[in-house]
Amino acid sequence: MRDDYEILKLRVLMQLLKDDDESHTVSKMSRTLGVNKQRISRLLMEFEKEGIADRTHQRKPCLTPEGIKKAEYYSERITAALNHLLFEGVSIEKAEEDAYHWALYNTDETMEVIKSAAAWQKAKYKLRNKKKFSGGELCKILGDGVYQFNFVIYREHLKNGSSLSMANDGFEHPGRLVVKNGCGKIYLRLAVIEADSPISRTTLSGKAVSVKYMENSDFISAELSNDIVSFPAAALDFTNIGENISQILHGSVYLKIKCSIGALHMPESTAVFNMMM
């Protein structure tokens, strides 16, 4: 089968990526992968034609710079897929098998989602014994990357029997957490808010024109550019809820939001931004 052949190529590529030169021999790869030497030799010749392997020393072939780049690309994919599957309870045998298929055939977009999920899972594990922590601490554990998350915005005080703030509809879901050099920022895209005005008795629509986040008991203006609101992830306080599969990282921060509809119809209000992973 063609799939089996492509998976074998990927496995040989991973063997060549190892630092141990002794594992690069045809004999060693044949024993490790359970494939006859002729198939391994043919694959190495194919790699050489593709410019990803150097067979100058035929007993110890190695990767070219282009080959290393390709191998590292797939190695990262395999690791992310494997970690994700193991966390979800898949057996090690099936996880290893499926990780190679995912690495080979999944789109970049799908793999980014998997990598993000794997990073969250790693963070949850590292923080499993910590009840409370800051958004800054979480970002250092997550590592650099772009992470999607679900969120909900609640009213500061219950109104008409509901705790959900209209501001929850004022932003597109999900949100994004971007971590760079260990520091994170929350990014939210504005959406149109519609509300019935008790004064004009009509339905009005608008967008947030000012968003402030609370830091050290003070409200600080968030960045607002091209309908994107951003503020530091360090402003959020996190709580670890549940255990194992049910574990949730819950972060919250107070926001003060002003809408273009105007204070007469929709006064500036304070709400609680909550993100969950």
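The peptide bond that joins His-173 to Pro-174 is cis, with omega near 0 degrees.

The model is predicted, so local features need pLDDT of at least 70 and side-chain atom pairs count only at pLDDT 80 or more, whereas totals for chains, interfaces and linings use all residues. Residues are numbered from 1 along each chain as its sequence is written, and side-chain values use heavy atoms, with hydrogens and water left out.

Next, select Ser-217, in the loop between strand E10 (208-215) and strand E11 (218-221). Ser-217 is not a glycine, yet its phi is positive, near 70 degrees. Its relative accessible area of 62% makes Ser-217 exposed (over 50%; buried is under 20%, with a 1.4 Å probe and protein chains only).

Move on to Asn-226, in the loop between strand E12 (223-225) and strand E13 (228-232). Here phi is near 50 degrees, again a positive value in a residue other than glycine. Asn-226 is exposed, at 70% relative accessible area.

Finish at Gln-247, in the loop between strand E14 (237-241) and strand E15 (248-259). Gln-247 is buried, with 6% relative accessibility. Show the side chain of Gln-247: one of its polar atoms lies 2.9 Å from the backbone oxygen of Lys-124. Leaving aside residues up to four places away in sequence, Gln-247 touches residues including Leu-127, Arg-128 and Met-277 (contact means heavy atoms within 4.5 Å).

Technical notes
Helix = DSSP H or I, 4+ residues; strand = E, 2+ residues; numbered from the N terminus. Polar contact = N/O pair within 3.5 Å; in protein donor to acceptor, adjacent residues only side chain to side chain.
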